[in-house]
Amino acid sequence: MIGCGLKAYTESMNKHMSNQELITLQGKRALITGAAMGIGEAIAERYAEAGACLQLIDIEVEKLEKVATRLREQYGTEVDTFCVDLAKRQEIEQFWRAVPVIPNILVNNAGVYQGRTFHSADQDFVDHMMQVNLGAVMQMCHAFIEKRRKKGGVIVNVSSIEAKSAFKSDMAIYAASKSAVLTLTKSLAREYAHEGFKVNVIVPGGVRTPGTAAVARNELRHFHLGIIGVGIRFAQRVPLGHFATPDDIARIALVLATPLSDYLSGTEIVADGGFLVA
């Protein structure tokens, strides 16, 4: 018995796909979490430009609506927005019960980026970070797979370079949550490939986003000047010599959602400017 994924791949081998056919998301619907700013917003824009209809999730409602309005006007695409607090399991459950159309593509981008020393991380801090960065990803993947059983789909998860290298000393809880996203991705890719699911993960390095800028400003407000040294040391180690933009990560997310990456599954794509090899 030929699995869904293998059957679809075998059928695609019968025709040569043009570059235009390989890079398009026409006829697809993508659900993106954390889409109000930063990497999530950049992914939404790249997907809209490629022709996808969008379902955007964030807790920052006003910012999310501005993104949606801009994308509708600029690309003429259909954009639906949803206010969902990913820290609350019941809100995720409610979303999946109420969502009007099941997407073809799921991008788990939302996450909490916050440092705290291991000794000072109380249970509330740990629970919140693990739920948003890992629990919500698991719950979103579970619901997406359940809704698309035997149909297949694309899942793109977003981890972090902290999952691969303990560069900053107060990120143990964050790193643990993001490391789990890597292994979750590989396990789902293995378990559901036969049903036509393609599951991959992006591992960004240093990215200049509103979220990382806010963390830096907060550190400086509390006179934690060490953040400056960390930033300098990180930048000096990157062979390409600069931090990434959100669009640098969004372009990879576009490749992973399109037929360009049909033979990639369970793969980590590290986008760190060469940080890990330096």
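Buried here means under 20% relative accessible area, with exposed being over 50% and partly exposed in between, using a 1.4 Å probe and protein chains only. In a regular strand the side chains alternate between the two faces of the sheet. Strand 5 is mostly covered, with six of its six residues buried.

Before going on, the conventions. This is a predicted model, in which local features need pLDDT of at least 70 and side-chain atom pairs count only at pLDDT 80 or more, while totals for chains, interfaces and linings use all residues. Residues are numbered from 1 along each chain as its sequence is written, and side-chain values use heavy atoms, with hydrogens and water left out.

The protein chain has ten helices and seven strands. Helices (H or I, at least four residues) and strands (E, at least two) are DSSP runs, numbered from the N terminus. Of the 278 residues in the protein chain, 47% are buried.

Now the sheet. What is the strand order? The sheet is open, has seven strands in the order 3-2-1-4-5-6-7, and its pairing is parallel. Two strands count as paired if DSSP finds at least two bridges between them. At the edges are strand 3 (79–83) and strand 7 (268–271), each of which pairs on one side only. On average, neighbouring strands of this sheet are turned by 15° against each other, direction ignored. For angles, axes are lines fitted to C-alpha atoms, for helices over the stretch in contact, and the angles run from 0 to 180 degrees between N-to-C directions.

Back to strand 5 and its partners. Strand 4 and strand 5 run parallel and are joined by four bridges; Val107 has Val156 in strand 5 as its bridge partner. On to strand 6 (residues 197–204), which runs parallel to strand 5 (residues 153–158) and is joined to it by six bridges. In strand 6, Val156 has Asn200 as its bridge partner, and Asn157 has Val201.

Next, the helices that lie on the sheet. Helix 10 (residues 246–257) lies across strand 4 (105–108), strand 5, strand 6 and strand 7, at about 165° to strand 6. Helix 4 lies across strand 2 (53–58) and strand 3, at about 175° to strand 3.

Helix 4 also packs on helix 3. The axes of helix 3 (residues 38–49) and helix 4 (residues 61–75) come within 10 Å and cross at roughly 20°. The two helices are therefore roughly parallel to each other, a label for angles under 35 degrees; over 145 is roughly antiparallel, 65 to 115 roughly perpendicular and the rest oblique. On the helix 3 side, Glu41, Ala44, Glu45, Ala48 and Glu49 meet Val67, Arg70, Leu71, Gln74 and Tyr75 in helix 4, where contact means heavy atoms within 4.5 Å.

Last, one residue from that contact. Is Ala44 buried or exposed? Ala44, in helix 3, is buried, with a relative accessible area of 0%. Leaving aside neighbours within four places in sequence, Ala44 is in contact with Ile32, Leu54, Leu56 and Leu71.
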